[in-house]
Structures are given as C-alpha cells and as structure tokens.
Amino acid sequence: MRFKITSKTMTKTVMYIILVLFALTTLVPFYFSIITSLKTSGEYASNTTGLPAAVTLDNFRMVLIQGRLLKYLVNNIILISGGLVLYIIICAAAGFAFGKLNFPFRLQILLGVLFLMIFPQMVVSVQVYRIAAAFKLINSHFGLILVWVAYFSPFGTYIMTTYFASVPKDIIESARIDGANVTQQLVRIMIPIGAPMIATISVIGTLAMWNELPFSLLLLQKPNLRTMMQGIAMMSGEHGLPVPQMTAAVMVSSMLPLILFLFFQKYIAMGATAGSVKG
Amino acid sequence: MARIRKPGDRENLDALILISPLLILLSIFILYPVLSNIYYSFTKWRGFGAAEWVGLKNYRMLISDNKFHSALKNTAILLLYIPLGLLVPLLLSAIMREGLKGWSVFKAILYLPNVLGYIILGILFSVFLRNSGPLNTLLRSAGLDVLAINWIGTTKSAIHVVGVLFVIWSKIGFGCIYFLAAMSSIDTQLYDAARVDGAGWWRILFQVTIPSIRFAIEFWVVLLFIEVFARAFGFIFAFTYGGPGFSTWTLEFGIYILGFKNYQMGYGSAWAVVLFLFCAVIAYFQIRLIRRAEK
C-alpha cells in the first residue's frame, strides 16, 4: 500500500502546483493592474513593476468622471434590469412550451432556435443596424434591450427547456382542470418551480449583457448612452489611453462580475454545466 | 362553443402563445438579418441610402483582398490551438478528479477568468504583455532579455499569443469544471475493475475516463470551434484591435472595421456570408450532438 499513498501525495502536489500556476496567471496581471491604477503616468514609466511610491486616486477620478464610467454604470443598470425582465419572461415561457407541452414541430422549432444561437453578433450586425435604423432604434436603450434579449434568449430557453422537461406533467394537468389559463400556469406554477434555474439564467444573462460589446458598439453611438464594456473597450482599442487610467477602468468594470461571482457562485457553476453535460 | 375541441387544440394554442415572443424577436433580429445579409452581400451599400446591386463584385474583391487572406490564415492558426485547448483541461481534470471532490475554493480560482469576460481579460493582458509592460520589465530586470520579446507588438507572435491566451488559457477553468462534472458521473466500478486488471494511470485515462466522457469531449471541441469563429471579437478588440497591421484580424473583426469604420457595408456583408457558412457547419455538428443527447 506504500505505492498508493505516494501516488496520492504526488497527485495532490501536482494538483496544487497546477492550480497555483493557473491562479497566478490570472492574479499576476490583476495584481499589476491594481498597483498600476494607483500610480501616475510618470511613475508608471519609471517604476513599472514596483509598488506605487505615492498612491494617487486621480486615475479613478479621471475614468469615472471624464471617462464617464459612472454614467455608463447607470446606463448598464437601466439596460440590464430592463433586459433581464424581458429575458426571464421569454425564456421561461418558451422553456415551458418546449419542455412540457406537445405541439406539432416542437423538436424542429427548438432545434431551429438552437441553430440560431451560434451565430456571432457580427454575422447579423450590418442587418441589425439597418433594421434598428428603420425602426428608429439607433441610440435607444430600448432597441439594444430588444436585440440583446433576442440574441441571448436561445441559450436561456434551452436551459429552461431541459429543466422544465424534468418536472412531472400532472402538476400542469391539474392546474388546467382547475381552469387556469396558460399565463396563470406560467406565473403561478412554472415560474415558482423553475426558480433555481431562473436564478441561474439571470446570473448568466446579467454577465452576458454586462460583457456584450458588438451590438452596443453599433447601436449606442452617442457617448452618453454607452455601456461600461463599450466605454473601456473603446479606451483600449481605438483611443490609446494612458496605461494607469486604463487599469483603473479595468478595476472599476471588474467590480460587478466579481461581486456577482462572490454571491452567486453556486448559480454560475450550475449554469456552466446545465444544458451541456449529459453523461 | 359550437366547435368540438380536441384535447390537443388547447395545448397547441398555449404553446403558440408561449413561444411566439421568442420566435418574433428571433425572426426580426437574427433570422431575417441572416437571410437579408445574403442579398446585401451582392450590393454596394454605405449604411444609408439605397443599396446598389453589384453582382459578384464583393466576392471577387474578397478573393484578392489581403485582409481577408489574413483573417482566414489567422483563424486557421487559432484552430491549430484547439487540440491543446482540449488536452490541457482534460488532463488537468483527470489529475484533479483523484483528490478534488466539491472543492469550492479551487473551482472559484478556476472560474475567475470566465467571470471577468473577454474584454477585461483582453485589456488586462494587453497592459501586462506590452513591450514596456510589467512582464517584460520583470524579465529584463532578471537578466532574461532574450525572453522579453515584443509579444503583441510584432506581427509574427501576436496571433500565437491570442491562440495561447484565448483558445487555451481563458478556457482552462471552465473546461476543468465541465470535464470534472462529466467525470463525476462515471461509474466507479469501471475504475475498480480497471485497477484490478492492473491498469496504470494513463491506461485508465485512455480506456476508462476518455471513452466514458466521449460525449462531453465532442461538445467541448465544438464549443472551441464556436469560440474561435464566433466569440473572439471582444477579446481581439480589447487585446490587439486586430493589429499589429492585420496580423490578428479575424472574420468577425473584419466585418466590424469594413462595415462600421469604412462604411463598406455591402462588402462587409460578403465577409459576413463567409462567416455565416462556417458557423452554419459548426451549428450543424452541434445540433447533431444535442439530438444525440436528447435520445
């Protein structure tokens, strides 16, 4: 049995080394980002890797006020809360139908929806822009919400479908006998039953919308309407900003994902495996 | 009600009510755009006014466009990283499976890049890896000037850095969680039987673990294809902005620059048709996998 013990210890050691290395590849750039965000541009040039000699919060003030990140945060809150309500209703409703009801072409329609899930924003971008212009939805938060929900719903629908498919059907049957119509069934029965998965798709949806870039770039062209990701992506991509300010912007925009992650880790992990791993 | 309803009628109507919001939104913002894009790829259109029919001109332009060649070549290079994008998380999870059972701290660490998203990761690494950035400064101060190459500043290395970071590194955490979940459902008797037969670690990996999670592996490979063709825009935008030169252009990035920076929307649509075809093939494979899972 001596061999077994050593191999176990070996495995543990290898595991630790790998995880530490992996953690470092994330944490080291992040660490440098934090210390850089507290330096002036002058200090960053002369002291790139050391701790800041004099801590300054100017970079944060710059990106929050002049860089408008504070304004973008407000925009994001409006966009995401509006988008999320619509997204949940649409995914839960469609998931209910696909998962629990029998109707002609059920599987074909569902597969069609899943087929559309793969296309990147850029495949449809030119036409989405044209349609949005025709409906006067350029520079409109409402327009972006509709496009976001259209783009992200297929995945949420798929997760809700697989979840609802595992719910026993007699619950709906008995509600139907009691005379509940379809909206009542959805609101009173399916949504409460689906609550854990709705929480999961809400976290996934929030992160997806928070991190979305292409559609925001196309539809929100007025600077004061932009989203946070759009703001920081444009700072780095098109207009080179001084490095310390860019890192401050990264710090600010990492806050929401990190907070969500700390509090809703369980749901994020659930979403990661839901709908994809099936034995 | 005069008409005698069949029991299925009500269910059909209910289903229609429930799925129509989704189908309406999808038709307007995804399905119709995919189809009308094909028409616009045969036109010259600057994003306003009428589109002018130009036949195959955009496609002829594609064939001789360096930017297009560059985008295809770069995509091909990124695809070459897929085998490692599979093997690295697969091996790591096979190692972790031995001792890792619901170890949430590890999961959290592994998950971090995923949560931050590609734009934040792109900016983080663009700062960290630039020629005068922290990594090269550290390498130089350690006397390792040979290693302090201009990672994303030279056309030769930039796309490979994207390959390593985007295709392999950024997905290690998610891959491990994904494969560990799949491995947790393998019947432990299979392992016991293999051990009784005297099978070593590698043999168990190839004869028990991998065959048992073949399905998850196939899904993962399809996912990596999707990531390369259809999910790299944000990372490229924030990390290299397609540069230096066209050395990290992809099809997605090309559509953005041509359509929305150069206002060649007709020509950009032709790029989008090419991207659409690639994605349709991948989607076909994914649907086949999902159908097999449903059975």
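These legends walk you through several close-up views of a predicted model.

**View 1. Chain A is assigned two domains.** Domain 1 of chain A covers residues 2-46, and domain 2 covers residues 68-240. Between the C-alpha centres of these two domains of chain A, the distance is 36 Å.

**View 2. B:Phe174 and B:Trp220 form a tilted ring pair.** Over all chains, the structure holds 44 aromatic pairs. Here, the ring centres of B:Phe174 and B:Trp220 are 5.8 Å apart and the planes meet at 45°, so this pair counts as tilted. Buried or exposed, what are B:Phe174 and B:Trp220? Both are buried.

View 3. B:Phe215 has 16% relative accessibility, so it counts as buried. B:Phe219 is buried too, with a relative accessibility of 7%.

**View 4. Ring pairs join residues from chains A and B into a cluster.** Look for A:Tyr129 in this group, along with chain B residues including B:Phe68, B:Phe233, B:Trp249 and B:Trp271.

**View 5. Charged side chains sit over aromatic rings.** B:Arg97 places its charged end over the ring of B:Tyr191, 4.0 Å from the ring centre. In another example, B:Lys171 lies over the face of B:Phe166, 3.8 Å from the centre of that ring.

Methods
Residues are numbered from 1 along each chain as its sequence is written. Chains are lettered from A and ligands numbered from 1 in the order in which they are written. This is a predicted model: local features need pLDDT of at least 70, side-chain atom pairs count only at pLDDT 80 or more; totals for chains, interfaces and linings use all residues. Side-chain values use heavy atoms; hydrogens and water are left out. Domain bounds come from an automatic or database domain assignment. Rings of Phe, Tyr and Trp (its six-membered ring) pair if their centres lie within 6.5 Å; planes under 30 degrees apart count as stacked, over 60 as edge-to-face and the rest as tilted. Buried means under 20% relative accessible area, exposed over 50%, partly exposed in between (1.4 Å probe, protein chains only). A charge sits over a ring if NZ of Lys or CZ of Arg is within 6 Å of the ring centre and within 35 degrees of the ring normal.
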